[in-house]
Amino acid sequence: MESSAIIEDIKNMREGSTALIAYYYFDFKDASKRGLRGLLTSLLFQLGSHDDACRDVLYQLYNTYYDGSEQPSDAALAKCLEAILDIAGQHPVFVVLDALDECPNNTGTPSAREEVLDFVENFVGSNHSNLFLCITSRPEQDIQAVLDPLTSASCRVSLHEEGGQREDINSYIRSFVHTDRTMRRWREEDRELVISTLSERADGM
């Protein structure tokens with residue numbers, strides 16, 4: 001299930017309830033959307049607008065940093081987010097983090113991805129019974145090493161192991177190769193080689 005479908009399902013569940021929803025998409029091409037700070041500010045903006053009590057938390061943060069003339073630290077933003085979760089009380093809070101693997105893991109000490117994974121680990125460890133967290137990502141080793149211990153196997157879904165996912169990819173590749181104006185002039189065996197190679201290298205993605 002794509003993250004957009006997950007979000008739509010949550011929105012439908014929210015109708016008639018007081019649930020809070022926030023979602024964030026990591027984007028490697030956008031520097032503001034591939035690290036912890038972008039994640040924290042986005043979650044605060046979405047969850048902080050829920051009611052007056054949540055907005056008061058944000059206003060206090062704003063005042064603490066001289067009416068916005070100074071930038072709060074990531075730790076201060078995370079603490080503010082914790083306060084909003086406390087205020088939410090028994091109201092369910094759904095947070096969807098999409099494409100975590102788009103967060104880079106090759107620069108900085110710690111890297112942007114390590115910072116996000118540390119945050120997620122602490123976020124889950126905060127033991128807010130009203131928090132429901134959904135994370136989508138390619139199955140990269142460092143991400144799995146952190147996320148797998150945080151949840152039971154029954155709560156993890158691997159699309160890479162789903163036959164339907166592979167069939168959809170194969171069908172898309174085959175359709176593209178046979179309808180592309182240039183590729184239609186290729187020999188049949190060449191087209192089949194392209195289809196086979198791309199399908200294998202897609203690895204369910």
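Helices (H or I, at least four residues) and strands (E, at least two) are taken as DSSP runs and numbered from the N terminus. The structure is a predicted model, in which local features require pLDDT of at least 70 and side-chain atom pairs count only at pLDDT 80 or more, while totals for chains, interfaces and linings use all residues. Residues are numbered from 1 along each chain as its sequence is written, and side-chain values use heavy atoms, with hydrogens and water left out.

Arg191 lies in helix α8 (residues 188-202) and, because its relative accessibility is 11%, counts as buried (under 20% relative accessible area, with exposed over 50% and partly exposed in between, for a 1.4 Å probe and protein chains only). A polar atom of the Arg191 side chain is placed 2.7 Å from the backbone oxygen of Trp186. When neighbours within four places in sequence are left aside, Arg191 is in contact (heavy atoms within 4.5 Å) with Val177, His178, Met183, Arg184 and Trp186.

Helix α2 comprises 13 residues and reaches 17 Å from its first C-alpha to its last, close to the 18 Å expected at 1.5 Å a residue, the expected span being 1.5 Å times one less than the number of residues. Its buried residues are Leu36, Gly38, Leu39, Leu40, Leu43, Leu44, Leu47 and Gly48, and their cover includes β1 (20-25), α3, α4 (74-88), β2 (93-98) and α5 (112-125).

Two of these packing partners were examined through axes fitted to C-alpha atoms, for helices over the stretch in contact, with angles running from 0 to 180 degrees between N-to-C directions. Helix α2 (residues 36-48) packs against α3 (residues 52-64) at an angle of about 140 degrees, with the axes 9 Å apart, and α2 is therefore oblique to α3 (angles under 35 degrees count as roughly parallel, over 145 as roughly antiparallel, 65 to 115 as roughly perpendicular and the rest as oblique). Leu44, Leu47 and Gly48 of α2 make this contact with Cys54, Arg55 and Leu58 of α3.

Against α5, α2 packs at an angle of about 40 degrees, with the axes 9 Å apart, and this makes α2 oblique to α5. Here Leu36, Leu39, Leu40 and Leu43 of α2 meet Glu115, Val116 and Phe119 of α5.

In α4, the buried residues are Ala76, Leu77, Cys80, Leu81, Ile84, Leu85 and Ala88, covered by elements including α2, α3, β2, α5 and β3 (131-135). Just after α4, Gly89 adopts a positive phi of about 60 degrees.

Key: A polar contact is a pair of N or O atoms within 3.5 Å; within protein, one must be able to donate a hydrogen and the other to accept it, and residues adjacent in sequence count only if both atoms are side-chain atoms.
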